[in-house]
Structures are given as structure tokens and as C-alpha cells.
Amino acid sequence: MRNTLAIFSRELAAYFATPLAYVFIVIFLVLAGVLTFFLGNFFERGQADLQAFFTFHPWLYLVLVPALSMRLWAEERKSGTIELFLTLPIRLREAVVAKFLAAWCFAGIALALTFPFWVTVNFLGDPDNGVILASYLASWLMAGAILALGAAVSAATKNQVIAFVVTAALAFVLIVAGTSTVLGLFRGWAPEAVIRAVAGASIFGHYSAVTRGVIAFADLFYFASLIVGFLAANAILVDLKKAD
Amino acid sequence: MLEVRNLVKHFGPIAAVDDVSFAVPKGEVLGFLGPNGAGKSTTMKMIAGFLAPSAGTAVICGHDILARPLAAKRAIGYLPEGAPAYPDMSPAEFLGFIARIRGFSGREARRRIDRIVERIHLGEVMNQPIETLSKGYRRRVGVAQALLHDPPVVILDEPTDGLDPNQKYEMRRIIAEMAPDKAIIISTHLLDEVEAVCSRAIIIARGRILVDGTPAELRQRSRHHNAVRLEVPIGSEARIRAELEKLPGVAAVEAVDDGEGRALLVFTHASRYLAGEIAELARTQSWKLTTLRVERGRLDDVFRAVTGAAPELAPP
């Protein structure tokens with residue numbers, strides 16, 4: 001626990017030690033605003049909710065979240081600090097969890113800084129704040145799942161650009177699997193069970209379900225198992241590839 | 001304190017480390033010598049618990065690095081090759097992080113950091129990002145990190161690489177100072193470093209231990225051991241050389257012109273001590289010698305001979 005906390009603090013501080021944190025937060029907020037107000041027709045919809053805001057989060061995260069996860073292990077391997085790090089008296093799982101939590105916490109900070117949107121809808125009307133809270137939770141869980149995926153990919157390469165691209169590609173597959181376009185490709189020839197399995201494996205379906213305001217155990221379990229599964233893969237990959 | 005048992009590491013078909021065993025008791029500074037790619041760093045990585053050995057293990061203060069990695073790692077201070085450190089952090093932040101991981105907090109952490117910083121002279125760069133530091137300072141940050149918790153076993157991979165002569169001297173002083181109550185392994189390319197700080201040396205090549213002994217024992221294996229150096233007037237060189245070659249026990253006489261000047265080097269059979277006989281000969285023949293000196297032997301001879309770069313080696 002003490003080790004996890006020490007590594008967590010170092011990793012979180014590392015985001016803020018470079019311009020990465022500030023660039024990320026600014027771009028995240030600007031893009032979120034642009035998507036909500038221009039593409040999402042926030043005002044034209046005439047409804048006091050944040051649906052226009054949350055609809056675009058999967059696509060926003062597709063581009064931005066891999067930028068947070070790409071450095072987690074690739075940077076340590078590239079600079080050789082992984083040898084120092086893993087010869088300290090820490091357990092590998094502490095290291096994996098602490099790094100993930102730092103990135104997830106950072107994503108949470110960026111997400112929390114979108115509070116002006118929430119203030120705005122509350123000023124303009126009388127939104128269902130329960131739904132908004134559930135949506136924030138869904139968004140953060142989705143960020144966590146993509147971060148865990150990205151952390152595992154980052155452990156498999158020394159090159160941060162490769163980590164970014166591969167994570168974005170895999171996240172894209174995970175997200176679009178549940179969209180109606182992709183499911184439409186299966187409809188008509190694939191058995192219903194296959195369609196349900198594809199939709200069930202997709203981030204998009206579970207994310208949409210929670211953003212409607214229904215926090216179901218199945219959806220929480222889905223995100224939790226994605227995170228735990230990717231972190232386990234992360235630990236195995238670190239162990240396999242650390243010395244390359 | 002440290003025991004390495006039959007360590008083996010294969011990378012694919014290549015045996016990078018092939019059945020390496022040795023023990024380092026308290027008070028010993030073991031110099032790890034070998035050409036590049038000999039397996040020095042790989043061996044150190046396995047002892048420090050970074051690489052899993054293909055076979056064998058290392059036991060640190062009674063803790064097997066494979067069975068009890070945390071306890072073993074607590075007892076080790078390790079400077080990896082190239083002295084890696086987080087480039088965005090300052091030495092103060094970096095050592096603070098290491099102190100936390102090593103279980104020190106508050107006043108105790110500050111006390112330990114202050115002490116090591118003073119000993120290694122890091123004070124003036126404590127708040128600069130590590131990426132802006134010179135190679136020498138970076139290396140010192142790495143050493144500070146390794147010594148912060150005052151470990152009983154210290155493993156330093158090339159601790160003086162990239163340091164200037166003053167810094168090298170300083171680093172050797174630090175190593176010598178802590179030697180009495182620790183078991184220390186350092187790897188190096190520098191043979192004078194072995195002479196300066198090590199109480200024992202191991203030469204390793206192609207993953208195997210070739211020589212294991214004190215620097216003096218190693219020197220005895222050099223063909224220069226007990227060779228006699230004579231500086232003579234140039235005009236009489238040929239005559240003196242002919243006389244020396246007739247002396248029983250002399251294996252060869254070579255004229256050399258090295259950094260110290262022109263001289264005759266008399267090599268003896270089986271490194272026998274012949275200085276007395278040569279001095280006697282010089283007196284009876286009234287040679288005008290300016291120098292007569294017995295060589296102790298050269299580590300670089302031994303190094304080159306055992307690692308395959310030079311064929312000749314006096315029998316041990």
C-alpha cells in the first residue's frame with residue numbers, strides 16, 4: 001500500500017512535470033466544448049441535459065486517452081529506468097496498479113474540469129442531475145478501460161508512438177463493435193447470440209446504457225473486468241518484455 | 001553476504017552467462033572485469049532481481065532472490081548500467097521517491113538524503129531536472145540512490161564511467177570508505193580501478209569465469225611479473241642484450257620504447273625472480289645502467305591473455 005501510494009504520487013506528478021498535463025487538459029476541454037456545442041447542437045436541442053456532451057466521449061477518448069497511457073511503460077523501457085524501478089523492493093502488481101491509478105486519476109481530473117458544462121445546464125434549466133452523475137461515472141469507467149488497455153500495450157513496446165497507435169486502433173475496435181453500423185453487418189446472417197456477444201463485448205453498449213442513468217451491475221462488472229483483465233495482461237507483458 | 005550459485009542465462013541459443021558461481025563476504029570489493037558483451041551486466045541484473053536466471057540463483061543476506069525477492073531487494077543497493085534516473089525529476093524529488101519506496105519518511109528520510117547528498121556532493125544540483133545534469137552528476141545521482149538505505153550488499157555497474165579523473169578518484173574513495181562493512185561488486189573496464197579499489201577480481205568472458213583472485217595474484221600471471229626493466233646507454237644496448245640472453249633463466253629480452261622511455265625488458269622463465277643475478281652481472285661487467293627495476297606484472301596483460309586477445313601467458 002505504501003509503495004503503491006509512493007509510485008502513484010510519482011506518476012501523477014510526472015504528468016504535471018512536463019507540459020503534457022496542461023496540453024492534454026486544454027485540448028480535452030476545447031474539443032469537448034467544440035463537439036458539444038457545434039456537432040452536438042447543444043442549444044438547438046432545447047433540452048437541459050448533457051447528452052450532447054457525453055455522446056462524443058467515446059470518440060474523444062479514442063484520440064486522447066492513448067496519449068495518457070502510451071508513456072506508462074514504454075518510457076521506462078526506453079530510458080532504462082525500468083531496471084531501476086523493478087529492482088526496488090516493490091511487487092510488480094503494486095507497480096502496475098499504481099501506474100494505472102495515476103493515469104486514471106489524471107483522466108478523472110480532466111473530466112472533473114468539465115464542470116462548467118454541468119453548471120451551464122443547471123443554470124439554463126432543470127436537468128436530471130442523477131443521469132448526469134451516472135454519465136460522468138460511465139465516462140470515467142470508459143476512460144479507465146481504455147487506459148488499462150493502453151497500459152498493457154505500452155508494456156509491450158519501447159516506442160510511445162507505436163503504443164499510441166496500437167492502443168487507439170484496439171480501442172476503436174472495442175468501441176465500434178457495439179454501434180448499429182457494425183451490428184448491422186452481422187444482422188441478417190449471424191445468429192442472434194453472436195450479435196448479442198459482439199454488442200456485449202463493446203464499450204459503446206455498456207457506456208450508452210449507463211449514460212441513460214441506469215447503473216446496472218452488469219455494466220459495472222463489464223468495465224471492472226476489462227480493467228482487471230488488461231492490468232493482468234499488463235503485468236505479464238512487463239515481465240516478459242522488460243529486458244528486451 | 002552474497003552468494004551466486006551456478007547462474008545461467010540463455011538468450012535464445014546464446015548462453016550469455018554460463019554457470020557463474022562466486023561468493024562475496026563482508027568487507028570485500030569484488031571487481032568484475034571482462035570485455036563488452038562478456039556477461040557482466042547480465043550477471044548483475046540477475047543478482048539484483050531484474051532478470052530471471054535460466055538456472056541457478058543468488059542469495060543475498062540469506063534471502064534467495066527468486067524465492068524471496070522483496071527481502072533480497074531490500075538488502076541490495078543497485079546502480080544499473082548507464083545510471084538511469086527519471087529525467088523530469090530533480091535529484092531532490094528522485095531521492096525523495098526512492099526514500100519513500102525504501103520505507104523512510106519525514107525526518108528519517110530527510111536525514112538520509114542529506115547525508116548521502118553531502119557524501120556524494122550533489123548539493124548544488126539538487127533542484128535541477130536530472131536531464132539537464134552532466135554525465136558525472138547523473139552517475140552520482142544513481143550512486144546516491146543505491147546507497148540511500150545503507151544496504152549490506154552494493155552492486156554498481158560501471159560506477160565511474162563518464163566521470164573525470166577527479167570524480168573517479170572521489171568515487172573510488174567513497175567505495176573504499178564503505179567497503180569494511182559491506183559486500184560490494186563493481187564492474188569496470190578500467191584495470192587501474194581494480195588495482196585502486198578491489199580486494200578481488202573476477203575476469204569473465206563469453207559468460208564464464210576465467211580468473212578469480214586478488215589483483216596481486218592476477219598480476220603474477222602476467223608475463224611481466226618479475227620481468228626486469230633496464231635502461232642502458234644506446235651504444236651498449238646490443239652487447240648488454242647479448243650477455244643477458246646468455247644468462248640462465250632468461251626467457252627473452254625485448255627492446256621497448258614506451259611512455260617511460262627506451263629500455264630493455266628481460267622476461268624470465270616461469271616468472272622467476274632474477275633481479276639479483278642481473279644486478280650481479282651488471283656489476284661484474286660494469287654496465288652503465290640508469291635504471292634497474294623489477295616489474296610487478298600488468299593486469300592488462302592478464303586481461304588480454306585470458307580473454308583471448310593475446311596468446312602469451314606465463315603458467316600460474
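This report describes the sheets, helix packing, chain contact and selected backbone features of a predicted model.

## The six-stranded sheet of chain B

Chain B holds an open sheet of six strands, ordered β6-β7-β8-β3-β9-β10, in which the pairing is mixed. From one strand to the next, the twist averages 15°.

Within this sheet, strand β7 (residues 153–157) of chain B runs parallel to strand β8 (residues 183–188) of chain B, and five bridges join the two. Leu156(B) of this region is placed opposite Ile186(B) in β8(B).

Helix α11(B) packs on the sheet, where it touches β3, β9 and β10 of chain B. The direction of α11(B) makes about 155° with that of β10(B). Helix α11 of chain B spans residues 299–306, and its buried residues are Leu299(B), Asp301(B), Val302(B), Phe303(B) and Ala305(B). The cover over these buried residues includes three strands of chain B, namely β3 (29–33), β9 (200–205) and β10 (208–213). It also includes two helices of chain B, α7 (191–197) and α8 (215–220). After α11(B) comes Gly308(B), which has a positive phi near 95°.

## The four-stranded sheet of chain B

Another open sheet of chain B has four strands in the order β2-β1-β4-β5, with antiparallel pairing. Its edge strands are β2 (14–24) and β5 (63–64) of chain B, each of which pairs on one side only. Strand β1 (residues 2–11) of chain B and β2(B) run antiparallel and are joined by eight bridges. In that pairing, Glu3(B) has Ala23(B) in β2(B) as its bridge partner.

This sheet also carries a helix: α1 (residues 40–47) of chain B packs on it and touches β1, β2 and β4 (55–60) of chain B. The direction of α1(B) makes about 120° with that of β1(B).

## Helix pairs

| Helix pair | Crossing angle | Axis separation | Handedness |
|---|---|---|---|
| α3 (91–101) and α4 (106–120) of chain B | about 130° | 10 Å apart | right-handed |
| α13 (203–211) and α14 (217–241) of chain A | roughly 135° | within 10 Å | left-handed |

In chain B, α3(B) and α4(B) pack at an angle of about 130°, and the two helices are therefore oblique to each other. Leu95(B), Gly96(B) and Ala99(B) in α3(B) meet Ala109(B), Arg112(B) and Ile113(B) in α4(B). Classified by residue type, this contact has four nonpolar, one polar and one charged residues.

In chain A, the axes of α13(A) and α14(A) cross at roughly 135°, which makes α13(A) oblique to α14(A). On the side of α13(A), the contact is made by His206(A), Ala209(A) and Val210(A). On the side of α14(A), it is made by Asp219(A), Tyr222(A) and Phe223(A). The residues of this contact divide into four nonpolar, one polar and one charged.

What spacing along a helix lets residues point the same way? An α-helix has 3.6 residues a turn, so residues three or four places apart do this.

## Contact between the chains

The contact between the chains involves 17 residues of chain A and 20 residues of chain B. On the side of chain A that touches chain B, the elements giving two or more residues are α1 (2–17) and α6 (81–85) of chain A. Of these, α1(A) supplies the largest share of that side, five residues. By class, the residues on this side of chain A comprise nine nonpolar, six polar and two charged.

Glu158(B) is not a glycine, yet has a positive phi of about 55°. Glu158(B) is located in the loop between β7 and α6 (165–178) of chain B. Is Glu158(B) buried or exposed? With 23 other C-beta atoms within 10 Å, Glu158(B) is buried, because 20 or more such atoms are required for that class.

Asn226(B), also a residue other than glycine, has a positive phi near 65°. Asn226(B) belongs to the loop between α8 and β11 (228–231) of chain B. Asn226(B) is buried, having 22 other C-beta atoms within 10 Å.

Methods:
Residues are numbered from 1 along each chain as its sequence is written. Chains are lettered from A and ligands numbered from 1 in the order in which they are written. This is a predicted model: local features need pLDDT of at least 70, side-chain atom pairs count only at pLDDT 80 or more; totals for chains, interfaces and linings use all residues. A residue is buried if 20 or more other C-beta atoms lie within 10 Å of its own, exposed if 12 or fewer, and partly exposed in between; C-beta atoms are placed from the backbone. Two residues are in contact if their C-beta atoms, placed from the backbone, lie within 7 Å. Two strands pair if DSSP finds at least two bridges between them. Axes are lines fitted to C-alpha atoms, for helices over the stretch in contact, and angles run from 0 to 180 degrees between N-to-C directions. Ala, Val, Leu, Ile, Met, Phe, Trp, Tyr, Cys and Pro count as nonpolar, Asp, Glu, Lys and Arg as charged, and the others, Gly among them, as polar. Angles under 35 degrees count as roughly parallel, over 145 as roughly antiparallel, 65 to 115 as roughly perpendicular and the rest as oblique. A crossing is left-handed if the near helix is turned anticlockwise from the far one by less than a right angle, and right-handed if clockwise.
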